[in-house]
Amino acid sequence: MIKRLAKCVREYKKSAIMTPVFVIGEVVMEVVIPLLMASLIDNGINAGSMNFVLKMGVALLVCAVISMFFGGVAGRTCAVASAGFAKNLRHDMFYSVQNYAFSNIDKFSTASLVTRLTTDVNNVQQSFMMIIRMAVRSPMMFIFSFIFAYGINAKLASVFLCVVPFLMLGMFLIIRKAHPLFKRVFKTYDKLNGIVEENVRGIRVVKSFNRQGFETDKFQEISSSIYNDFVKAEKTIAFNAPLMQMSVYTCMMLISWFGAKLIVDTGATELTTGELMSLFTYTAQLLNSLMFLSMIFVMMTMSKASAERIVEVLDEKSDITEKENAETTVKDGSIVFENVDFSYSKNADKLCLDNINISIASGETIGIIGGTGSSKSTFVQLIPRLYDVRNGCVKVGGTDVRDYSIEALRNEVAMVLQKNVLFSGTIKENLRWGKDDATDEEIINACKLACADEFVEKFPDKYDTYIEQGGANVSGGQKQRLCIARALLKKPKILILDDSTSAVDTATDSKIRKAFREEIPETTKIIIAQRVSSVQDADRIIVLDDGRISAVGDHDELLKTSSIYREVYESQVKGGDDNG
Amino acid sequence: MAEEKTRQMPPMGGPGRRGGMVGKPDVKINKDTVKRLFGYFGKYKFHLIFVMFFIILSAVASVASSLFLETLIDDYITPMLLPNSSVTFTDLFVALCKIGCLYICGALAGLLYNRIMANVSQGILKKIRDRMFAHMQTLPIKYFDSHNFGDTMSFYTNDTDALRQMIAQSVPQAMSSLVTIVSIFFSMLRQSVWLTLFVVVFLFAITRIIGFIGKKSGSYFVKQQRSVASVNSFIEEMINGQKVVKVFCHEDKNKAEFDSRNEELCHNMTTANTYGNIVGPIMNNMGYILYVALAILGGVLAIKGVTNLTLFGFEDEPITLGAIASFLTMSRNFVMPISHISQQINAIAMAMAGAERIFSLIDESPETDDGYVTLVNARTDKDGNITESETRTGEWAWKHPHGDGTVTYTPLKGDIVLDDVDFAYVEGKTVLHNVSLYAQPGQKVAFVGATGAGKTTITNLINRFYDIADGKIRYDGININKIKKADLRRSMGIVLQDVNLFTGTVMDNIRYGKLDATDEECIAAAKLANADGFIRMLPDGYNTILEGDGSGLSQGQRQLISIARAAVADPPVMILDEATSSIDTRTEAIVQRGMDALMHGRTVFVIAHRLSTVKNSDVIMVLEQGRIIERGNHEKLIAEKGKYYQLYTGTFELE
């Protein structure tokens, strides 16, 4: 996992490596400085030698400047490396997601993908920053402090060896107790956010059922559990600082006692007062570094989950791959399904599409009708190869869709999805998704075909009207018409409308179909609809039932031959108030 | 999406739209926010006194430990080195024991204040969160229609998190640093005023430098936050629309756009963090420089024999060498906490900005409700008198208290009258003009019309999601403004086009309509909505857990569940707003038969595009641009050969 993440450091490798190097420089200075300070006091101040004070002072200043330089540069390289690392992570993840097939997207929910690209990257970045700065600094500090302390007086330095194990044991126990608590807190956080999200989105439901109190209780239950776990975790962590303090204090008292003894007994030959002071400084540094190590450890374990979630995104292989030397031109808009079986999950018992055979000529208009859950959308999604068939094959323009380059195929097969989205940006910008270099005339033309022109012209800013994220400021019917216009701009050989006019009133709907018939006769059109009226003038209508083709034919034929079609038709014509 | 409402909302666009996450461009702290935040400490005032006490104790112990060195050297080691000294190791032992006790007290105090603070900080956060959520529930629909979803979410995530950091970490640390600074300051004064003065001047210079860096870094932090918001919103939008991206082969375009935003974020983040990272080393090493300067200055003072001034007045002699040594140590301990505080300033400023946003949510004025007419279970005796009943009787009545203390009961029938109603979401843009309608109990009233004609708006007004500007709406003869909103809404079941399901089992979701419904009632409702069949096919049947708004279900299946949810509530009035738009017409016909049976004798409002859905209604209203242009039943409207006729024949040219 770490290896996989480390790959994302790339061009920031130099900074990532230089940071610890500079940090080591800083650490060395920080350890040398107390020594100089001790000397300054012993041989300068206490000896009353102004000359020595000045000399040491200059040395100290030089050290401080070097240390500041190292510290500053390390700070800079660390910032560069960590921000760069995060950038690369996001970049790799985003690219990876862009290459996903529909089935990959289904596997992760979109909400989870968003969290992974935002929160999780942030967590990992924080840890990375800690690692390159602190993970080197702390052990180095520990080692150097110990060496210098040992150099001053080996016997006194052994005091550390007695105290450190206790400190480490204590920290280990604290982490072991707090870690599961923190993990639980973060899980509960997800739940809390989930409730807020559901409530903001579903506020109309909450209000119309008068469930404000119910929801508030639900929320408070979760916020209480966050409170309880967090308090418990923080109370455990609260032992950290006192433990640390006690260790420092114990060391200092032991050193004071033995140090005083040593100084007095040997007449200040083996240990000077100045050296005693440095020992105190080293004590603080040494134990502090241990403290930091424990913090790094906690942070790393916390971000471990995030790292795992990121790697999952990076390692996910797209289920749809292009062949080498893939075909790049689609000959015409004919479509053939040969013995097609399909299911969303590989080991599903029941097939979503079961042995589908149909051949559609270029330029034909095909209607698809079927009940809720009859796999209408699944059927058409195989044509632009949004999913791969399980058995059999789908051919477009006489060639298996798997033999085309994906871009070439999808450029010729335009699809208006059932759950469609507009993006934030002007109407023009949105429409240009269909064709980057579309002229204004082309755009207006497409909108006229999709009956979108009439309402766009009524907006104060017309085609420059800003569309909110998710298309929140246009109505459902308007959105659908804009989505159709966007698809039309592609000038595709095949146009698929997946229940794309459900929110458009029937008159407009029929106007759009008329425009299709007259303006783009050579395009193969496949229209999924709930309304019989939307498909009844199609050349052929496919009636899907439970993943199988139940009947094919034109309106009149089907009325005679297909009982399902007849029922649907009658339910719409007669309003369903009798037994029709 | 309820089309009318969204279309009419004022544009919220522009670059500052996600302003909620961006924060104020200046690192400023608003006094009122601080005051209000302190208000939340209310219950914990007592705790806080303890916390303050323990913080002081703990800081004193740490100051004592830094001063002890001087005592150790001056009072024990140096005298003991002298021949015939009266100081013995026993004295030292006693002194060590004394300071040891203080240390233990200090450590204990540290433990206690950290533990108390855990309660306080989490308690306050819980209070703020609960308050925020409870308040959010009272806000009018208008708030949700006019505020960005992501911004509202960030109140609960980013902003609360920043507050947690501040309350739990920054504030205690700042307090303890402050105590340390003050006590060391006095200890320094005790040694030498001259040197202290020098320290103060020097530190003043440092803080100016830090302040400068802080200002720079503050502005970069704001920039960073802004690009974080930009990248995040791009990610959110594109991942949510990923399938469209793929259909249009827009991946490469997306990558390019993403890269440019990502690059900008990386740049701003690097700059912001660089500033953040170098504050520490600068402060730290400035401390060393101060140390050297003090050593030289002290040496000069001692050698030149300048009379020492301490807190206790002029001394006869110049500063002693021991005093200089200990002063030097103290200067280190003085700089440390200042550096700590300077590193907390960004965190505090960010938290305060977050607090301000949270308070702005809490300050939003809630839905007003001056209603006093309530809905009660009722019983009608033989003479037609209505009495209130404790138990559910299947009969409801409006309880109408009057000014003179009397109470009248009006039976709930579902008689709804709109009298000359005008309405505008945004002032000046009227969406409904002079709408009048009468819905008698037992009637099925349908609204038909093009998108944006005002169909959903009418239902928004009946249940008072929005309040009318002009005209009157009467419910069983009572002005709906007089009815308590909760009771008004309790009397109506609403099924919206946009289905929102909640995390939980299918059963829980159906039970949402009536919390005390038994499993049997829920299943009966599901059968009525024709949802029973597919629910039983789900992995765990009715106990299947739905997550992410029921993302595993098809749009049609979700609509069926939401119909079952409304059906279980068994309301006297039902509003179906495009409730069956994604359900195929065969299933719809079955659902409709069930609903008709359930709603027999009650009022039903139906909104639909599909004329087959509304055809068997008692009254059909044809709306155009906020006006009712035709009304009557199907036969009458067909005979009139007006708009309805056109729509109808537009659908079925064969007839």
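Let me begin with the interface, where 136 residues of chain B are in contact with 137 residues of chain A, contact meaning that the C-beta atoms, placed from the backbone, lie within 7 Å. On the side of chain B that touches chain A, helix α10 (residues 251–304) of chain B gives the most, with 28 residues; helices here are DSSP runs of H or I with at least four residues, strands are runs of E with at least two, and both are numbered from the N terminus.

This is a predicted model, in which local features need pLDDT of at least 70 and side-chain atom pairs count only at pLDDT 80 or more, while totals for chains, interfaces and linings use all residues. Residues are numbered from 1 along each chain as its sequence is written, and chains are lettered from A and ligands numbered from 1 in the order in which they are written.

Turning to chain A, an open sheet of 6 strands runs in the order β6-β9-β10-β3-β11-β12, with mixed pairing, where two strands pair if DSSP finds at least two bridges between them. Its edge strands, each pairing on one side only, are β6 (413–416) and β12 (548–553) of chain A. Within this chain, β3 (residues 365–370) and β11 (residues 540–545) pair in the parallel sense over 5 bridges, and I366(A) stands opposite R540(A) in β11(A).

Finally, the domain assignment of chain B, automatic or from a database, gives domain 1 (374–411) and domain 2 (416–651). The contact between them takes 6 residues from domain 1 of chain B and 8 residues from domain 2 of chain B.

How values were computed: Two residues are in contact if their C-beta atoms, placed from the backbone, lie within 7 Å.
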